[in-house]
Amino acid sequence: MASLPSTPHTQLPLPLDEVTKASQLPIDFLEPSPQTKLVIGFDCEGVDLCRYGTLCIMQLAFPDAIYLVDAIEGGEMLMRACKPALESSYVTKVIHDCKRDSEALYFQFGIKLHNVVDTQIAYSLTEEQEGRKRPLDDYYISFVGLLADPRYCGISYLEKEEVRVLLRQDPKFWTYRPLSKLMIRAAADDVRFLLYIYDKMLEKLNQRSLWHLSVRGELYCRCFCVNDNGYADWPSLPSTPDDLIADGDAPEEEILSVLDVPPGKMGCVIGKRGSSILSIKESCNAEILFGGSKGPRDKVFIIGPVKQVRKAEAMLKGRMPEIR
């Protein structure tokens, strides 16, 4: 396959294929193997993308082409054909903020998204590694912000706001067929530069940060896919590299904890303008996430090193003993 251009500014437009049948996708993608490992840019579009929404398009960016997988036209059969690759360790999926995409894939198609490189997580790890800390109330960089950062891409993405306006006006925007030129361009632009950004990030991250990236990617993928079996049907988390263990500086195990909040009490947990949660985040080196309006409601998700997660749990339960 063709290599990526040296800069995104000189990148020629890649061929775009609208996919409604599995036969239109590369065989190396449909049949993952250790002999033909792949790294692809990945994203999903839909209506209220979550367990209860509708996944409409899945974008796959290869170095030499972009495929827009039409989940509406292709339906269950097409998505079933993509399942082995999306769950495969031999296909690395580069995505920005995997949580809702993973949730939609899991509940709508039974797909457990695996082996992701989440550029939102990678950005935070790079900042931490280089001694910079983002404010706790503005911790997650947006995709537009990442594209604009000259260290990674330096591209303005004004069209994103245009699509956001259209989505507010008509939430069913991604359901209409045939795809308009704007829909095609917007979907492609969400994955077009992910492989370039991925290469830039790999240049910066050390082995310890890369391990954190792989583990947190797995934990973020399953975060909102909460079920009754405690994620027992999901793949095992990546093991600690031998080199880190040999150096005597092995990172602490990272986990995902899910706490149940009594109905109607989430506001008390978060506090006025998020003050309660911010104070806990200041004391604990752990991520604290909420389902919000899309759900899962009445649950708090904590991701991080075991001791920090347990500390956050204790602080939350101290504020509200009814939390389980």
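Here is a short chat between two colleagues about a predicted model.

Colleague: Why is Asp 170 called partly exposed?

Modeller: Asp 170 has a relative accessible area of 26%. Buried means under 20% and exposed over 50%, so Asp 170 falls in between and is called partly exposed.

Colleague: Thanks! And where does Asp 170 lie?

Modeller: In the loop between helix H6 (159-169) and helix H7 (181-189).

Colleague: What makes the pair Asp 170 and Tyr 176 a polar contact?

Modeller: Their side chains are joined at 2.6 Å, and the cut-off for such a pair of N or O atoms is within 3.5 Å. The value is inside that limit, so the pair counts as a polar contact.

Colleague: On to helix H3 (99-109). What makes H3 mostly covered?

Modeller: Of its 11 residues, 9 are buried, and that label takes a relative accessible area under 20%. Among the buried residues are Lys 99, Arg 100, Leu 105 and Phe 109.

Colleague: Which residues lie nearest the centre of the largest pocket?

Modeller: Cys 44, Glu 45, Lys 160, Arg 164 and Lys 294, out of 27 lining residues. The space in this pocket is about 880 Å³. Strand E2 (38-47), H3 and H6 each give two or more residues to the lining, and E2 has the largest share, with 6.

Notes
Residues numbered from 1 in each chain as written. Predicted model: local features only at pLDDT ≥ 70, side-chain atom pairs only at ≥ 80, totals over all residues. Heavy atoms only, no water. Helix = DSSP H or I, 4+ residues; strand = E, 2+ residues; numbered from the N terminus. Buried < 20%, exposed > 50% of the residue type's maximum accessible area, 1.4 Å probe, protein only. Polar contact = N/O pair within 3.5 Å; in protein donor to acceptor, adjacent residues only side chain to side chain. 1 Å grid on protein atoms, 1.4 Å probe; cavity = no way out; pocket = protein on both sides within 12 Å on 5 of 7 lines; lining within 4 Å. Points joined across faces, edges and corners; volume = space filled by probe spheres on them.
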